[in-house]
Amino acid sequence: MDLEKKPEPEKQPEPQRQAAPAEPAPAEAVFADPQGSLRASDADRDRIADILRDALAEGRIDAEEHSDRIDSVYRAKTVGELEPIVRDLPGARTRQEPAPDYGYGPEDADGPPANLVAIFSSTTRKGRWRVSRRTNAFALFGNIEIDLTEAIFAQRLTTINATSIFGNVEVRVPENISLRGNGSGIFGNFEVVTLEGVDPQAPVVVINGYSVFGNVEARPKRGKWITDLQDRMRKHLGH
């Protein structure tokens with residue numbers, strides 16, 4: 001018996017799909033300050049960690065927030081990533097602050113060097129004092145401390161020749177200068193934490209020398225910054 005075939009229903013044309021609107025391209029990151037892209041150093045991270053430690057001790061942040069912020073500090077790659085972590089805390093230095101205006105007097109190329117000597121004794125230079133273009137530091141079974149954090153730089157280049165024999169010579173500098181060193185230790189330690197100031201006109205301190213069964217050390221002092229050297233110079237000279 002033949003079965004009558006029913007005609008197949010006509011296929012309706014599928015509605016044409018409209019193309020989805022193109023997603024807007026992500027906005028390009030813009031830095032408010034080119035210094036924000038500067039790579040962070042260990043000294044930068046330690047400075048931020050010190051601010052957080054003080055804030056915890058003063059009760060400004062709790063232990064959990066301190067832990068979260070410390071994690072962010074050591075994950076940060078640039079100075080721009082570090083600054084927001086402590087922007088709401090005392091002691092923070094932000095990118096919006098104006099750069100220091102450095103002003104130097106005429107260099108006294110022929111002037112005599114300053115001499116610091118400690119033999120079975122101790123010698124210290126700190127506070128507000130005018131740094132000589134050249135300084136010789138000699139420690140024999142003694143201790144010499146040179147603190148430049150509040151010093152007045154009358155010239156851009158300052159050289160310190162340090163010799164330590166069974167003694168100790170320590171140099172502390174502001175964080176926003178350039179610090180360089182060249183020396184050696186013979187059964188002793190010669191250590192200079194290299195810094196490069198962001199401002200091309202920042203003072204440059206060079207530590208040369210050696211230690212024999214002793215220690216020569218130069219590093220930045222956290223939280224210490226040079227501000228307006230020109231005003232300092234005028235006040236110091238009485239102008």
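Author: This is a predicted model. Let us begin with one side chain. At 26% relative accessibility, arginine 219 counts as partly exposed.

Reader: Which residue does arginine 219 meet in a salt bridge?

Author: First the general idea. Side chains of opposite charge can pair when their charged atoms come close. Here arginine 219 meets glutamate 217, with 3.2 Å from N to O. Glutamate 217 is buried, with a relative accessible area of 14%. Salt bridges that share partners join Glu170, Arg172, Glu191, Glu217 and Arg219 into one network.

Reader: How far apart in sequence are the parts tied together by glutamate 217 and arginine 172?

Author: Start with the pair. The side chains of glutamate 217 and arginine 172 form a salt bridge at 3.0 Å, N to O. Glutamate 217 sits in strand β12 and arginine 172 in strand β8, so the pair ties together parts that are 45 residues apart in sequence. Both residues, glutamate 217 and arginine 172, are buried.

Reader: Is glutamate 58 buried or exposed?

Author: Glutamate 58 is exposed, and its relative accessible area is 52%. The cut-off for exposed is over 50%. Glutamate 58 forms a salt bridge with arginine 60, and their closest N and O atoms are 2.7 Å apart. The count for the model comes to 13 salt bridges.

Reader: Now the strands. In what order do the strands β2, β5, β8, β10 and β12 lie in their sheet?

Author: Strands of a sheet pair through backbone hydrogen bonds, either parallel or antiparallel. In this case the order is β2-β5-β8-β12-β10, in an open sheet with parallel pairing. The edge strands are β2 (122-125) and β10, and each pairs on one side only. From one strand to the next, the twist averages 10 degrees.

Reader: How many bridges pair β2 and β5?

Author: There are 4 bridges, in the parallel sense. Look at threonine 124: glutamate 145 in β5 stands opposite this residue.

Reader: What holds as I step along the order from β1?

Author: Take the pairs in turn. β1 and β4 pair in the parallel sense over 6 bridges. Isoleucine 119 has leucine 140 as its bridge partner in β4. Then 7 bridges join β4 (residues 134-140) to β7 (residues 157-165), and these strands run parallel. Alanine 137 stands opposite alanine 162 in β7.

Reader: Which residues of β1 make up its covered face?

Author: In a regular strand the side chains alternate between the two faces of the sheet. In β1, the covered face holds Ala114, Leu116 and Ala118. The uncovered face holds Asn115, Val117 and Ile119.

Reader: How many residues does the largest nonpolar core have?

Author: In soluble globular proteins, nonpolar side chains tend to be buried together. The largest nonpolar core here has 25 residues. Those with the most contacts inside this core include Ile144, Leu179 and Ile207. Several strands each supply at least two of its residues, among them β5 (143-147), β8 (168-173) and β11 (204-212). The largest share, 3 residues, comes from β8.

Reader: What is leucine 179 in contact with, leaving aside its neighbours within four places in sequence?

Author: Its contacts include Val173, Val192, Leu195, Val205 and Ile207. Arg219 is also in the list. There is a second, separate core too, with 14 residues, including Ala49, Leu52, Ile85 and Val86.

Reader: Last, the helix. Which residues of α1 are buried?

Author: An α-helix has 3.6 residues a turn, so residues three or four places apart point the same way. In α1, the buried residues include Asp44, Ile48, Ala49, Ile51, Leu52 and Ala55. Their cover includes α2 (63-75) and α3 (79-82).

Reader: How many residues does α1 have, and what comes just after?

Author: Helix α1 (residues 42-57) has 16 residues. From its first C-alpha to its last, α1 reaches 22 Å, close to the 22 Å expected at 1.5 Å a residue. Just after α1, glycine 59 takes a positive phi of about 80 degrees.

Technical notes. Residues are numbered from 1 along each chain as its sequence is written. This is a predicted model: local features need pLDDT of at least 70, side-chain atom pairs count only at pLDDT 80 or more; totals for chains, interfaces and linings use all residues. Side-chain values use heavy atoms; hydrogens and water are left out. Two strands pair if DSSP finds at least two bridges between them. A nonpolar core is a set of buried Ala, Val, Leu, Ile, Met, Phe, Trp, Tyr and Cys residues joined through side-chain atoms within 4.5 Å. Buried means under 20% relative accessible area, exposed over 50%, partly exposed in between (1.4 Å probe, protein chains only). Contact means heavy atoms within 4.5 Å. The expected span of a helix is 1.5 Å times one less than its number of residues. A salt bridge is a side-chain nitrogen of Lys or Arg within 4 Å of a carboxyl oxygen of Asp or Glu. Axes are lines fitted to C-alpha atoms, for helices over the stretch in contact, and angles run from 0 to 180 degrees between N-to-C directions.
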